[in-house]
Amino acid sequence: MVAQTADSARENYTAATPSSPEMWAAQAGAEPATARITPTASVNPSSSDAEPRGEGTGAGTMDVPWQPAQATSWVPDRIDRTAAPQVEVLPAALTSMDLLADISAANRAKLQSSTGVRGALNKVGFRLGLSPAEQRAEDRRARIRTQLNTPYQIAVISVKGGVGRTTTAATLGSTFAALRPDRVVAVDANPDFGDLPTRTAPHPYGLTLRDLAQASNLGAFSTVQSFMSINSADLATIASPWTIEANEALSGHEYATAVEVLRRHFNLLLVDCGTGVLDSVTLSVLQTSDAVVVVTPPTVGGVKGAVATLNWLSSHGMQHLIAKSVVSIVHQQPSKPVVDVAAIEKLFATGQRPTCILPFDDHLAEGGEIDLRLVDKETLLAFEELAAGLADGFPNYLGGTSGGRAAGGWR
């Protein structure tokens, strides 16, 4: 009686399931598994023929094939992909980079002028772009921000004292630091009377280049920075060890030890040298530099000193510095100079040396800490032109040209 009931339950189960496990297993090509299923067919529990569930020899259970649910490998091929031809949505000529750039440029937001007549019209609803002067300023500052892939050192030198060398080094370094995103440091390497911190910012505890050279555990940038002072333009400055109590001048070995540490943490170094090119410190500076700025006043004596400096570099095997040199003509008096400045520029142009005229500035003439926010616009423009001309010589990845301009190679 129980066997007949189980057989009828199995038939009802199979008939009520169109996609039976046997069909699934057959389609998938797999052997059906066997599971123990207790049928729920109508069996009278009060019948004397029915046995209690869970007792006996399994008369109340039956074997039903069962396949666990799984992804089958049989997928109907409903699309004949080989027969469909390749459809080109747009011709290649219509998707060129030039056309896409034109589409982007037609809808691209642009900088609007904020000065002059254009700036005044923009305030009342116009949308005028940058003026030619503003565009030149953007291009000039982009040149100053040229990426450096190796430490680059610029020496500021002059064989005559009192010509504005330290002022030039401090203002040029502040210009670089204010416009560049990387680290810029100004180093006072004058072994006699170094007053670069006077023009930037003095160190609160009086630490100097000698302290850095004698220190240890300088792997962290924060440790190296603790030997420096920071001015309003984010220029880091490290002072010369010269004091009225000093008994020994800064040596070339001390400078070389300190600058080796600085080159691991700073991208751009500006070094204010002394007046003597034969002392060991200045020789060490020139041997490790990539470019030089020769400072001269608009006087006959100053021009002779600048020419002598360039000739000295040439006679001592430093032609690479001459190729990366800029002559800076500094006006230290508000009155018009006696000599013809145009003739001075023409003199250096015959030697293919670029010149940069730095006008007189009341704030720079004060002799105190330099704040670029107090410098005249004309003077700021001159220092930006000087910085951009020096940045044109920065090396690129391949040590060749940078942006189409002549650049130095890897040192």
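Q: At what angle do the axes of helix H6 and helix H16 cross?
A: This is a predicted model. In it, the axes of H6 (residues 165-179) and H16 (residues 377-391) cross at roughly 75 degrees. They come within 10 Å.

Q: So what do I call that arrangement of H6 and H16?
A: H6 is roughly perpendicular to H16. That label covers angles from 65 to 115 degrees.

Q: Which residues meet there, in H6 and H16?
A: From H6, they are Thr 168, Thr 171, Leu 172, Thr 175, Phe 176 and Leu 179. From H16, they are Phe 383, Glu 384, Leu 386, Ala 387 and Leu 390.

Q: New topic, the surface. Which residues form a nonpolar patch?
A: Val 117, Leu 121, Val 124 and Phe 126. Together they have about 390 Å² of accessible area.

Q: Is Val 117 buried or exposed?
A: Exposed, because its relative accessible area is 65% and the cut-off for exposed is over 50%. Val 117 sits in helix H4, which covers residues 116-123.

Q: Now the whole protein. How many helices and strands?
A: There are 16 helices and ten strands.

Q: And how much of the protein counts as buried?
A: 40% of its 411 residues. The accessible surface is about 23400 Å². Carbon and sulfur atoms account for 55% of that surface.

Methods. Residues are numbered from 1 along each chain as its sequence is written. This is a predicted model: local features need pLDDT of at least 70, side-chain atom pairs count only at pLDDT 80 or more; totals for chains, interfaces and linings use all residues. Side-chain values use heavy atoms; hydrogens and water are left out. Helices (H or I, at least four residues) and strands (E, at least two) are DSSP runs, numbered from the N terminus. Buried means under 20% relative accessible area, exposed over 50%, partly exposed in between (1.4 Å probe, protein chains only). Accessible areas come from the Shrake-Rupley method with a 1.4 Å probe; for residues, only the protein chains shown count as cover. Patches are made of residues with over 30% relative accessible area and no salt bridge: like charges are joined within 9 Å, nonpolar side chains (Val, Leu, Ile, Met, Phe, Trp, Tyr) within 5 Å. A salt bridge is a side-chain nitrogen of Lys or Arg within 4 Å of a carboxyl oxygen of Asp or Glu. Axes are lines fitted to C-alpha atoms, for helices over the stretch in contact, and angles run from 0 to 180 degrees between N-to-C directions. Angles under 35 degrees count as roughly parallel, over 145 as roughly antiparallel, 65 to 115 as roughly perpendicular and the rest as oblique. Contact means heavy atoms within 4.5 Å.
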